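Biologist: Let's go through this one together. I'll keep asking how you know what you tell me, okay?

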Amino acid sequence: QVQLVEAGGGLVQAGGSLRLSCAASGRIDSYARGWFRQARGKEREFVVRRASGGSLYYADSVKGRFTFSRDNAKNTVYLQMNSLKPEDTAVYYCAAGRRPPYVLPEQYTYWGQGTQVPVSS
């Protein structure tokens, strides 16, 4: 059974940076990995995904500010968030899935519990 556990959320000022992590347990090598976020009262929104073949795709709203990375030895992926804005405030979720193109929540099978990122102005 695959489990995903996020960490690294917390209050940050606008313009600041934060790095989220998502540690996976279980066999997950063949899965695409993604990050989503959900602001209060809104639907879950795609942020970035790494397909199983390695290609990265970012949402326009975060392109140039957020960076996806991974550490295979630790079975962990990261989301480095720079130049944060108040509109980035959300609960951030990592996910793993096998249904391309990996930009919709229903294309993912496994989800972490979420980590809150409030960005103050």
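Modeller: Here's a definition to start with: two strands pair if DSSP finds at least two bridges between them. Also keep in mind that this is a predicted model.

Biologist: How do you know that strand 7 and strand 8 pair?

Modeller: Count the bridges: six of them join strand 7 to strand 8. The cut-off is at least two, so these strands count as paired. They run antiparallel, and in one of the bridges Thr67 has Gln80 of strand 8 as its partner. The two strands form a hairpin with four residues between them, where Asn75 takes a positive phi near 55°.

Biologist: Which other strand pairs with strand 8?

Modeller: Strand 3 does, in the antiparallel sense and over six bridges. Gln80 turns up again here, with Arg19 standing opposite.

Biologist: What makes strand 8 largely enclosed?

Modeller: A residue is buried when its relative accessible area is under 20%. Five of the six residues of strand 8 pass that test, so the rest of the structure largely encloses this strand.

Biologist: Why is strand 4 described as largely enclosed too?

Modeller: In strand 4, six of the seven residues are buried, so the conclusion is that the rest of the structure largely encloses it. Strand 4 pairs with strand 9 over seven bridges, in the antiparallel sense, and Arg33 stands opposite Ala96 of strand 9. Another five bridges join strand 4 to strand 5, again antiparallel, and there Gly34 is partnered with Arg49. Strand 4 and strand 5 form a hairpin with six residues between them, and Gly41 in the turn has a positive phi of about 80°.

Biologist: Why does Glu45 count as partly exposed?

Modeller: Buried is under 20% and exposed is over 50%. Glu45 has 34% relative accessibility, so it counts as partly exposed. Glu45 is in strand 5. Beyond its neighbours within four places in sequence, Glu45 is in contact with Phe36, Arg37 and Ser61.

Biologist: What makes the pair of Tyr102 and Tyr108 edge-to-face?

Modeller: The structure holds eight aromatic pairs. In the one you're asking about, the ring centres of Tyr102 and Tyr108 are 6.4 Å apart and the planes meet at 65°. Centres have to lie within 6.5 Å, and planes over 60 degrees apart count as edge-to-face.

Biologist: Now for empty space: how do you know where it is left?

Modeller: You roll a probe the size of a water molecule over the atoms, and that shows where space stays empty. The largest pocket here has a volume of about 170 Å³.

Biologist: How do you know which residues of its lining are charged?

Modeller: Asp, Glu, Lys and Arg count as charged. Asp29, Arg33, Arg50, Arg70 and Asp71 are in the lining, so they make up the five charged residues. The rest of the lining divides into four nonpolar and three polar residues.

Biologist: Which strand gives the largest share of that lining?

Modeller: Strand 7, with three residues. Strand 7 and strand 8 each supply at least two. Asn75, from the hairpin of strand 7 and strand 8, is in the lining as well.

Technical notes: Residues are numbered from 1 along each chain as its sequence is written. This is a predicted model: local features need pLDDT of at least 70, side-chain atom pairs count only at pLDDT 80 or more; totals for chains, interfaces and linings use all residues. Side-chain values use heavy atoms; hydrogens and water are left out. On a 1 Å grid over the protein atoms alone, a cavity is a set of points where a 1.4 Å probe fits but cannot get out, and a pocket is an open set with protein on both sides within 12 Å along at least five of seven lines; lining residues have an atom within 4 Å of a point. Grid points are joined across faces, edges and corners, and a volume is the space filled by probe spheres set on the points. Buried means under 20% relative accessible area, exposed over 50%, partly exposed in between (1.4 Å probe, protein chains only). Contact means heavy atoms within 4.5 Å. Rings of Phe, Tyr and Trp (its six-membered ring) pair if their centres lie within 6.5 Å; planes under 30 degrees apart count as stacked, over 60 as edge-to-face and the rest as tilted.
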